[in-house]
Amino acid sequence: MIEIKQVKTSDESNYNFVEKLMHTAFPQEERRDTVQQREYSDNNPLFRSNIILEDGSSIGMISYWAMEDFYYIEHFAIDPTLRNGGYGKRVLEMIKKQLKSPIVLEVEEPNDEMSTRRIHFYERLEFTLHRKPYMQPPYRKGDSGLPMLLMTYGDIDMDRDFERVKNTLYKEVYGQEI
């Protein structure tokens with residue numbers, strides 16, 4: 001049975017697994033510095049750092065933000081030794097049921113086979129790709145933003161709400177005033 005459990009840094013074993021997997025799965029420009037990540041995990045009321053367990057064994061991590069009227073999945077990764085085993089699909093189906101509000105996430109533009117496959121993965125899980133230009137702000141000063149696209153699941157009208165969603169992400173997740 002899969003379980004998604006929020007973790008704080010005081011839960012050293014589980015938090016260390018989440019942190020190590022995040023460092024393995026995401027390049028530095030796609031994640032915040034470790035100190036800030038730990039601070040958010042422990043003290044930001046909008047942010048949830050979670051470990052994914054199956055029968056007590058660590059299999060992945062997912063972090064998300066609880067915004068006023070949507071959730072934003074910031075990072076999601078399954079242990080590399082367990083990928084392509086159906087875990088990603090099962091976890092996202094579970095998250096969709098648990099969160100009960102629209103979900104927003106960022107994906108790389110479909111410029112190569114891997115990014116295209118990732119988009120198709122989310123589309124099979126009923127996420128919608130929005131082709132409006134979107135620039136992920138840098139996580140740290142001196143870095144450049146990354147061209148991305150937004151995908152959504154649930155009852156959200158991105159024709160109407162795209163700018164509001166983007167501005168919320170910029171402010172809450174990336175600390176940029178609009």
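**Notebook: ring pairs and salt bridges**

I started with two tyrosines: Y134 and Y170 are both buried. I am working on a predicted model.

**Aromatic pairs.** I searched the whole structure and got 9 aromatic pairs. For Y134 and Y170, I read a centre distance of 5.9 Å and a plane angle of 55 degrees, so I logged the pair as tilted. Y134 belongs to strand 6 (residues 128-136) and Y170 to helix 5 (residues 158-173), so this pair ties together parts 36 residues apart in sequence. I also noted a cluster, in which ring pairs link F121, Y122, F127 and Y153.

**A charge over a ring.** I found the charged end of R32 over the ring of F47, 5.9 Å from its centre.

**Salt bridges.** My count came to 12 salt bridges. I looked up E19 with R38 and found their closest N and O atoms 2.6 Å apart. E19 is in helix 1 (residues 12-25) and R38 in helix 2 (residues 34-43), so the bridge ties together parts 19 residues apart in sequence. E19 is buried at 14% relative accessible area, while R38 is partly exposed at 36%.

Next I took E54 and R90, whose side chains meet at 3.0 Å, N to O. I placed E54 in strand 2 (residues 47-54) and R90 in helix 3 (residues 87-99). E54 is buried at 18%; R90 is partly exposed at 37%.

R164 sits in helix 5 and D69 in the loop between strand 3 and strand 4, 95 residues apart. Shared partners join D69, R160, D161 and R164 into one salt-bridge network.

Notes
Residues are numbered from 1 along each chain as its sequence is written. This is a predicted model: local features need pLDDT of at least 70, side-chain atom pairs count only at pLDDT 80 or more; totals for chains, interfaces and linings use all residues. Side-chain values use heavy atoms; hydrogens and water are left out. Rings of Phe, Tyr and Trp (its six-membered ring) pair if their centres lie within 6.5 Å; planes under 30 degrees apart count as stacked, over 60 as edge-to-face and the rest as tilted. Helices (H or I, at least four residues) and strands (E, at least two) are DSSP runs, numbered from the N terminus. Buried means under 20% relative accessible area, exposed over 50%, partly exposed in between (1.4 Å probe, protein chains only). A charge sits over a ring if NZ of Lys or CZ of Arg is within 6 Å of the ring centre and within 35 degrees of the ring normal. A salt bridge is a side-chain nitrogen of Lys or Arg within 4 Å of a carboxyl oxygen of Asp or Glu.
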